[in-house]
Every structure is written in C-alpha cells, then in structure tokens.
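Me: I have a model open and want to learn how to read its features. Could you take me through them one at a time?

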Amino acid sequence: MTTILTDRGDAQVDARDGLKVSTADAERATGWTLKPEGMCRDEICVPLPAGTANDGRVDLAAFWRHLGNPVLSSESGDVWILGTGVEARRAALEELEAPDFTLPDLAGTPHTLSSLRGRKVFLATWASW
C-alpha cells in the first residue's frame, strides 16, 4: 500500500510504477475524476498529457506536476506528498486579513491596526516565557 498526503488529508492506495493508481483511488485521494476530456474537479477539466492515463490507471505524480504543483516521495516510494502550488498558496494568503486589535506604543498611546489599513505595518512581538 502507498500513502498519499494532500491538503484533503491522507489516502491509502494501490500504486504501481511510481504513482500510477486506479481512477477510483485518484478521485478518492485528490478529488479529481478521470473523464473523456481529462481530469476534472467541479467545473474545471484539465486535458492530460499523452501517456498520463492508461488501462484504467492515472499517473498522479505526472498529473500533479502538470498542474504546476510540487510532488515529493519517500525513497522507498511508499509515501507521496502532492503539495499545493504557488498560485493556490498566493491566493489563500491574499485573502487573509489580520484581526483588528489595539496596543499601546512605548509612550502609552493606543494604536489600532485598522487605523493603519493601506499602509505597511511591521509588528514585532515577543513573550517572556
């Protein structure tokens, strides 16, 4: 058995020749389904490069790299990590917003984060423990 780790969690699959898995295992591990037009998830379908899907099996490592995502495996090939690509991580970070808070400066004057919106803020914190 081979373990695949993704942002969806982990899945145990029967992999051959690297990370060639059944279409059912591919869908269970990644959420992508093999269809005549390629690998599909929700409304998105990605055409597959030649040789990526044969005989009911999908080369998940090749497909993942084709998406521009990182792929890592253990030396023995029994654990694979299908990582999140740069664009998806960037989009997730762009949507993040720090919660509003108020802290005093060294002179005791309170400053609220939201009052600094639109400006660059460098915030250094530390703790004594």
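Me: Which helix gives the most to the lining of the second largest pocket?

Reply: A pocket is an open set of points on a 1 Å grid over the protein atoms alone, where a 1.4 Å probe fits, with protein on both sides within 12 Å along at least five of seven lines; lining residues have an atom within 4 Å of a point. Helices are DSSP runs of H or I with at least four residues, strands are runs of E with at least two, and both are numbered from the N terminus. Here helix α3 (residues 86-94) gives the most, with 3 residues. This is a predicted model: local features need pLDDT of at least 70, side-chain atom pairs count only at pLDDT 80 or more, and totals for chains, interfaces and linings use all residues. Residues are numbered from 1 along each chain as its sequence is written, and side-chain values use heavy atoms, leaving out hydrogens and water.

Me: How much space lies in the second largest pocket, and which residues are closest to its centre?

Reply: A volume is the space filled by probe spheres set on the grid points, which are joined across faces, edges and corners. For this pocket that is about 210 Å³. The lining has 14 residues, and R41, W64, N69, G85 and A88 are the closest to the centre. By class, 6 are nonpolar, 5 polar and 3 charged. Ala, Val, Leu, Ile, Met, Phe, Trp, Tyr, Cys and Pro count as nonpolar; Asp, Glu, Lys and Arg as charged; the others, Gly among them, as polar.

Me: What volume does the largest pocket have, and what lines it?

Reply: Its volume is about 290 Å³. The lining includes F101, L103, H111 and F122. Strands β11 (102-104) and β12 (110-112) each give two or more residues. The class count is 9 nonpolar, 2 polar and 1 charged.

Me: W64 lines the second largest pocket. How do I read aromatic pairs?

Reply: Rings of Phe, Tyr and Trp (its six-membered ring) pair if their centres lie within 6.5 Å; planes under 30 degrees apart are stacked, over 60 edge-to-face, the rest tilted. The count here comes to 2 aromatic pairs. W32 and F63 are edge-to-face, at 5.3 Å centre to centre with 70° between the planes. They sit 31 residues apart: W32 in the loop between α1 (23-30) and β4, F63 in helix α2 (residues 60-66). F63 and W64 have ring centres 6.2 Å apart and planes at 70°, so this pair is edge-to-face too.

Me: Is W32 buried or exposed?

Reply: Buried means under 20% relative accessible area, exposed over 50%, partly exposed in between (1.4 Å probe, protein chains only). W32 is buried at 6%. F63 is buried at 0%. W64 is buried as well.

Me: What does strand β1 pair with?

Reply: Two strands pair if DSSP finds at least two bridges between them. β1 (residues 2-6) joins antiparallel β2 (residues 9-13) through 5 bridges. T3 has Q12 as its bridge partner in β2. The two form a hairpin with 2 residues between them. β1 also pairs with β10 (residues 79-82), in the parallel sense, over 3 bridges. There, I4 stands opposite W80. In β1, 4 of the 5 residues are buried, so the strand is largely enclosed by the rest of the structure.

Me: What is the strand order in the open sheet of 3 strands?

Reply: The order is β4-β5-β6, with antiparallel pairing. β4 (33-35) and β6 (44-46) are the edge strands, each pairing on one side only. β4 and β5 (residues 38-41) share 3 bridges, and K35 stands opposite G38 in β5.
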